Amino acid sequence: MGIPVEQILIQTINGVVTGMILALVASGLTLIFGIMEVVNFAHGELFMLGAYVGVLILAATGDFWLALATATLAIALLGAVIYLTTLRPLLGRDPLYTILATFGVSLVLQNYALWQFGPVARKIEEPFTGQFTLFYLSYPWYRIVIALLSAAIIGALWLFLKFGTWGIWIRATTQDRVMAQAMGIPVPWVLTGVFAIGAGMAAASGVLFGPLVGVTHVMGVDWVLKAFIVVVVGGMGNLAGSIAAAIFISLLEAYASLWVSPAQAVIVSFVVLILTLLFRPTGLFVPTPK
Amino acid sequence: MSRRRTTVYWTGFCIILALLILAPLVLPEFWRRFLTEILIWGLLAMSSDILIGYTGMVSFGHSAFFGLGIYGAAAALLSVNPPSLLLALLCGLVAAAAAAAFVAYFSTRLRDIYFAITTLIFSQIFYVIIFTWTEVTGGENGLTFSRPPLAIPGLFSVRFTPDTLHWFVLGVVVFSYLLLRRITQSPFGMVLQSIRENEARTRAIGYPVERYKMVAVMLSGLFAGLAGALYALQNQFAAPDFVFFLVSGEVVIFNVIGGIGTLVGPIVGAAFFLLLREGLSRFFTEYYLIFVGLIFIAMVIFLPQGLLGFARRWLNH
Amino acid sequence: MSPGGTTVQPLVKVEDIHTYYGKSHILHGVSLEVGKGEVVGLLGRNGVGKSTTLKAIMGLVRPSRGRVLFEGQAIAHLPAHRLARLGIGYVPEDRRIFRLLSVTENLRTGLDRHGVSKSRKAELLDKVYGYFPVLAERRNQAGGTLSGGEQQMLAIARAMMLEPKIILLDEPTEGLMPRMVGEIGQIIHMLRRENVAVLLVEQNVPLTLEAGQRIYFIEKGVVRHHALASELRVNDAVIHQYLGV
């Protein structure tokens, strides 16, 4: 083939890094869908606003980690507000309306960002700029850290769901919302909380990813699309599935970028989606349906 | 179907038609063009209503059908000299039909949300292809071309004036409306509606639901492509922006605002939305879309049947 | 009646409730009462509205007319999770345990509440495992892997975790083997000893007569008759009339 091994290795790492961030974004989305059956079109905008909050806090304090934490909390709060004002009133109605409502929210948020921050891209500086040598190439440490952090956050989420009262409440609500209520679980608050958690995770991804690209009001659009593909390929509501799918697709795209331009490499994810829908519609990594 | 209702309906129809015919004669050029655009977007929204309002399938794929209608027409106008109106319309329809066939194939296998998301992704697939295949589609910059004459080969050929173009578009849209109305009221249309109400029951009765859905998607795609061809005619350029999924989102907004399942509702929805956007953009030049979005959300929550939703029964008899 | 002639307020009082399902009128004015610690039976043919009555008390169905009172307080407009916290336990038809949660996690859905100390929680858990040793054996197994009878026990145990004042039991013997019916009867006796009231909807007449103190008969969404279980054990003509048994 003529492509040096080092390049393939670099692309592998790149694929995993992007995949982990995508996994972080997609987990929030699949969590929200699995528990509330809401397709959150505004997820990309929560990602984007998280990045912007990161920009602001970073400019004010110079502390990247503080920016990360603040953005996560602030957007989680925004998520709770969005849920209470636009999604709660739609409970029990045709799911079409939640898609439309979140689409409307994404419109509002995107243009709000455009209005407040203008069309020029902002930059988030990496918290540290060291590089390490991989063969004869140098690879930035920061990228490895992002991947690890994303994995850590997802891991924390998993632990949270497995143990802890809230985890039980969330899982019970997912399985049988009515009986969860009959057991005294405050389901309305569980739903709000889940949406907030999903939003917070999206925001964290935005801040983490910020240094790799410019922060603009449209940065969420591409991600939401990819995240949806990941969620469908991984099996909607399936957390482990979306993580696997995120890494799988990102790796394929990273390898594809060795031959074609990145703009065309996205076709890979489309192809994976179509194949999944044709042959394993419940999810690529999910055993075929019952 | 009471006599009185029919008369009221057709009277109303004729009045509005008359107004639309007279419009270009009284309106300044900017508004004349605006009105023609409303008609074109209205046709697009109407095509989407076949799926959303009558078959109960939410599709975000209309930007693909619309965009391919534009590019199809563009292809005809650029490659054949002298440019032919009929060929442009035909090519637009064929291109859209091809996309619709592609989507239709998947439509029958997926339910609700999956279908919606998948159609959205398909829009993006077409977008990426058009955006990156610069040699053929002009990529980011799109294509520009000249407007063909209004001609029936062998009979006559005359250049379009702004007024005649408007009337031509109006004619096509009205024809489409009447045709679609006929179809939705036919036995075929009734089956579609029954699919929307209760798909399982319709299948249990014995209807091949998959086939009906595929036809619905094809039908919807054709008229969306027609709208695209008209757009090409009106504006003389094609750009990938029209294939971007956000356009589909706007179309669905028109449907919901106007009232799904009414056919005219979406046209009203398009008019409302475009006027709102135009109006607000004059006052709040930078952030008018925020208000548009907020109004849309409010309508979804409080007025889900849309502006004409209350008249749905009446409009469909 | 307490000495002095004043009636003690009933634990649960349902006054003339009407419910609809879409356009169907299900309950046409149901009224009944359950006193503290009482076991009350609700008998009737299929589809007359017995389950709906329980759901209305539990807040899972909103009555369009009428009142539901719990300890004198009107509760018909309150959400189900509040009612569970107030002390109403619900064991639905077909159990509906959380299949993917373990037995312990199922119990914790009711156990993990505000204002219950850690020691109290441990106490409750031990007590329930004492009553249902089978559940103790399977405490880490997923709920979906339990047998029908075990799931029924889990459903009841789960409701007990709320330390309820009343448990609404919907057809507990349905789908169970005949020898389990006796066990259900014993469980109801146990609840009575714990001073937990029970409103029992059943198709199994002998069980209801044996365990219950008062019986209501529902037909077509209305309570048609009301008698003491002791009377009915002697004179069962009424039963044949309303149940065609």
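**Entry 1**

The model is a predicted one, in which local features need pLDDT of at least 70, side-chain atom pairs count only at pLDDT 80 or more, and totals for chains, interfaces and linings use all residues. Residues are numbered from 1 along each chain as its sequence is written, while chains are lettered from A and ligands numbered from 1 in the order in which they are written.

I noted that β9(C) pairs with strand β10 (residues 222-228) of chain C in the antiparallel sense, over six bridges. Two strands count as paired if DSSP finds at least two bridges between them. Helices (H or I, at least four residues) and strands (E, at least two) are DSSP runs, numbered from the N terminus. β9(C) and β10(C) form a hairpin with two residues between them, and I recorded a positive phi of about 50° for Lys220(C) in the turn.

I then followed the parallel partner of β9. Strand β3 (residues 39-43) of chain C pairs with strand β9 (residues 214-219) of chain C in the parallel sense, over four bridges. Leu42(C) stands opposite Tyr216(C) in β9(C).

**Entry 2: the open sheet and chain C as a whole**

I traced an open sheet of four strands in chain C, with the order β2-β1-β4-β5 and antiparallel pairing. Its edge strands, each pairing on one side only, are β2 (24-34) and β5 (73-74) of chain C. Strand β4 (residues 65-70) of chain C is joined to β5(C) by two bridges, and the two run antiparallel. In β5(C), Ala74(C) is the bridge partner of Leu69(C).

I counted ten helices and ten strands in chain C. Its radius of gyration is 18 Å, close to the 18 Å that the globule rule gives for 245 residues, so chain C is as compact as a globular protein of that length. The radius is taken over C-alpha atoms, and the rule is 2.2 Å times the number of residues to the power 0.38. Along the principal axes, the C-alpha atoms of chain C fill a box of roughly 45 × 45 × 40 Å.

**Entry 3: a helix pair in chain B**

I examined helix α3 (residues 62-79) of chain B and helix α11 (residues 245-258) of chain B, whose axes come within 7 Å and cross at roughly 110°. Axes are lines fitted to C-alpha atoms, for helices over the stretch in contact, and angles run from 0 to 180 degrees between N-to-C directions. α3(B) and α11(B) are therefore roughly perpendicular to each other; angles of 65 to 115 degrees count as such, under 35 as roughly parallel, over 145 as roughly antiparallel and the rest as oblique.

The contact is made by His62(B), Ser63(B) and Phe66(B) of α3(B) with Phe245(B), Val247(B), Ser248(B) and Val251(B) of α11(B). Residues are in contact if their C-beta atoms, placed from the backbone, lie within 7 Å.

**Entry 4: contacts between chains**

Which chains have the most contacts among the two pairs that touch? I found that they are chains A and B. 30 residues of chain A are in contact with 30 residues of chain B. α4(A) gives the most to the side of chain A that touches chain B, with 14 residues.

The contact of chain A with chain C takes 16 residues from chain A and 21 residues from chain C. I found no contact between chain B and chain C, whose closest C-alpha atoms lie 15 Å apart.
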